[in-house]
Amino acid sequence: MTRPADRALQTLLAATGMDAARGAVDGAEAAVSSEVAEAIAVLVSQVADAAVFRDELVAALVETQNQLLSVYAIAQIQTASMTPAEVESRLLEVVADLTKADAVALVTPAVTRTHGSDADARWLEGQVTGHLDAPGIAPAQVEEGDRTALIWPLPSDDGVTAALALLRRGPTDTGLRKLMSFLVEIVASIRTRAFLQEEQIRRAGIAREHEAASRLAQAALPSRPPFLPGCEIAESTRPARSAGGDFYTHVVVDENLLFAVGDVAGKGLPAALVMTKVIAACMSAFASHRPDQIGDVAAQLCDELYPYLSDVGLFVTVLLGGYVPGTGTLFLFNAGHSPTLIVTAEGTTTVKSVMPPLGVLPTPSGKSVEIRLRHGDLLVVGSDGLTEQEDHAGRLFGYDRFTSMLGPLHGRKASDVSDHLLRLVDEHGRDVPASDDQTLFVLRHGDGAEASPPGDSSRVPVLSTTTLDATHLAVRALGPWLADLCGHLGTADVLLPQLGLALHEVCVNVVDHGYGGTPGTITVSGRVDGPTVHLEVRDRGREFDEASVVRPTPGVPQIRGYGLMLVEQLVDSVDYLRDGDENVWRLTTRWDRP
Amino acid sequence: MDLTTSDLADGTVVTLVGRFDAHEVPAFRDSVAPLLDRDGDLVVDLFSVVFIDSSALAELVRTSKLAKERDTRFALRNLSAPVRVILELTGLHLALEVEDAATVREPS
């Protein structure tokens, strides 16, 4: 007892002959009255209570101080710049420091980390492991000799599978256990954070690698179709995701064309990597073969690629072709690729597969087919991403529909055929993301400059699409465009100007009201089907509001409202619909209109 | 579109040649505005207009209204076929003054 109050009490007790332990009980034997003895006894009791209170207060202050220190120490751990392992090691150091432990251990199913001398660490690890094996884990205290282990389960999302433990020599107290339970919560949350960051970094890294690889893979595709007198070629591909497995490639040797259009099964990075390999193999095989040897090209590819493809577990559908523009001779070898179609004046036929896709069988089989194209005949090779494009209700575009579209396109320019087909697939899949790559290769025998073959013009629809800037000036280009579209219908001194004015009025309305003078584009498509002309005008301007139209009264002059009135009188029918974010105007008129 | 103005004893004749559409409306308006303040008639000759749209037509209506406010006589003359068609389809041949062939005064 060294405090002033204690000393004063001792002096008082000595002077009165009292015993602090017995207090007022022995008051009768003391040298003071019983009142004084009672008063001293009260003082003794009060001083003792104060001492207890003081000790409790100090302990609480220490605990609070420890917790503040631990929060500070742990906050210094920069999880963002450390690996999870580094974070865990640093946490153990901090915990050992804060708890004055002789050893600390973190035990998880994946790893055990310890801090402290080897002997202590091993003993502690043994205690924790034994404890984790027992069902129903809860905080525990194990004593052995002078060593005491405190074991705390680490909270985690997937049940308790880890523990934090510390070893202390000598007694442990409530303050330490409180500190420990507090530290366990912090350790658990910091570990979780560190692992989440690690996972994010890993995923971001993979995404970047995929992106870079798919750019490289797309770069392996030829940037433009081959230029070859006597034919026309349109090629296009649209990857569904960052990396695609569709491909085409071609070489021109001695004014002949060797080409391949294919699809690597699967999507994403693996498909893109295989695709570049297949393109390289095709190019090398093309270099040493003539068009009529396309079957040998197929055999070489099969031999070369089978071991590789079976290793990676992928296969490749491919149409291989050799084409002699001078004679219109086409040699085709189809290894499981669809749709592959020949369009002639007589109709559309499928080029049958003569071998399973590359990578399925180790030895080549099948023979190439030879086809003699006439002027205007088409070879159309698509990928399943086109025929299997879904609409919003999950309906496929369909192989049959794809095939049936082609007949009327016989004789048209390759780029027109391609644009038309892609547009129809787009319209079908409006608002639905493409589920697979979409690739289209169209070869038309005969130069675009030459006249189309004579045919029954009432049966073959004529198609054309043009896109203009939404300005009054640009709209003027529609006059010549329309004259070109309808030119084959013969001279029509009245109908052509009427239809031209109607189309002009619709487009000026789009410029003035749809876009309100802001920049935009207008896409105009035309189809002449027998004597009927269908025109479609699409724009992404403001939605047309029929209620805003001021209907003129004949004979009463007004400044607005004549445009639509004219259109209605100039064509057989005019319809408006809002399609997604597009305005669609459809005009139809018959050339034999009275 | 070409636009020429001829001064006559009893007013001004504006002769349009070519395509009169939405794109030409601002230029037409700028050229004709000062003519409205002149004395005498304002006549637009449309003999050589090969194409006309509703925006151009609306501008003719607008000009006729402005002329009326100023007590200026405004008339169209020598309608080409496209102009005649559009005036008839809109019924404006009844609302705008069109000089008939007998009264046409050739610009000198």
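The model is predicted.

**Arg476(A)**

- Apart from neighbours within four places in sequence, the residues in contact with Arg476(A) are Arg19(B), Asp21(B), His23(B) and Glu24(B).
- Within chain A, the C-alpha atom of Arg476(A) is separated by 9.7 Å from that of Gly500(A), a residue 24 places away along the chain.
- As a general point, side chains of opposite charge can pair when their charged atoms come close.

**Interface of chain A and chain B**

- On the chain A side 19 residues take part in contacts, and they meet 21 residues of chain B.
- The two chains bury about 1,800 Å² between them, with 66% of that area on carbon and sulfur atoms.
- Between chain A and chain B there are 2 salt bridges.
- Polar contacts across the interface involve 5 residue pairs, counting pairs with both residues at pLDDT 80 or more.
- Two elements of chain A, α12 (495-514) and α13 (562-570), each give two or more residues to the side that touches chain B.
- Helix α13(A) provides the largest share of that side, with 6 residues.
- By type, the residues on the chain A side divide into 10 nonpolar, 6 polar and 3 charged.

**Five-stranded sheet in chain A**

- Chain A has an open sheet of 5 strands in the order β6-β15-β14-β11-β12, with antiparallel pairing.
- The edge positions belong to β6 (231-238) and β12 (347-350) of chain A; each has a single partner strand, so one side of each is left without a neighbour in the sheet.
- Neighbouring strands of this sheet are turned against each other by 15 degrees on average, direction ignored.
- Strand β11 (residues 340-344) of chain A pairs with β12(A) in the antiparallel sense over 4 bridges.
- Across this pairing, Ile342(A) stands opposite Thr349(A) in β12(A).
- Helix α9 (residues 399-406) of chain A packs on the sheet and touches β11, β12, β14 (378-382) and β15 (438-445) of chain A.
- The direction of α9(A) makes about 25 degrees with that of β11(A).
- Helix α10 (residues 414-428) of chain A lies across β6, β14 and β15 of chain A, and runs at about 25 degrees to β6(A).

**Four-stranded sheet in chain B**

- Chain B has an open sheet of 4 strands in the order β1-β2-β3-β4, with mixed pairing.
- Strands β1 (2-8) and β4 (74-77) of chain B stand at the edges with a single partner strand each, so one side of each is left without a neighbour in the sheet.
- From one strand to the next, the twist of this sheet averages 20 degrees.
- Strand β3 (residues 41-52) of chain B and β4(B) pair in the parallel sense over 4 bridges.
- Asp45(B) has Arg77(B), in β4(B), as its bridge partner.

**Salt bridges in the whole structure**

- Over all chains, the structure holds 32 salt bridges.
- One of them joins the side chains of Glu346(A) and Arg374(A), with an N to O distance of 2.5 Å.
- This pair links distant parts of the chain, 28 residues apart: Glu346(A) lies in the loop between β11 and β12 of chain A, and Arg374(A) in the loop between β13 (369-372) and β14 of chain A.

**Local backbone features**

- The peptide bond between Ser338(A) and Pro339(A) is cis, with omega about 0 degrees.
- Pro339(A) belongs to the loop between β10 (329-335) and β11 of chain A.
- Glu255(A) is not a glycine, yet has a positive phi of about 65 degrees.
- The loop between β7 (246-253) and β8 (256-264) of chain A contains Glu255(A).

Definitions and conventions. Residues are numbered from 1 along each chain as its sequence is written. Chains are lettered from A and ligands numbered from 1 in the order in which they are written. This is a predicted model: local features need pLDDT of at least 70, side-chain atom pairs count only at pLDDT 80 or more; totals for chains, interfaces and linings use all residues. Side-chain values use heavy atoms; hydrogens and water are left out. Contact means heavy atoms within 4.5 Å. Buried area is the accessible area (1.4 Å probe) that two parts lose on being put together, summed over both. A salt bridge is a side-chain nitrogen of Lys or Arg within 4 Å of a carboxyl oxygen of Asp or Glu. A polar contact is a pair of N or O atoms within 3.5 Å; within protein, one must be able to donate a hydrogen and the other to accept it, and residues adjacent in sequence count only if both atoms are side-chain atoms. Ala, Val, Leu, Ile, Met, Phe, Trp, Tyr, Cys and Pro count as nonpolar, Asp, Glu, Lys and Arg as charged, and the others, Gly among them, as polar. Two strands pair if DSSP finds at least two bridges between them. Axes are lines fitted to C-alpha atoms, for helices over the stretch in contact, and angles run from 0 to 180 degrees between N-to-C directions.
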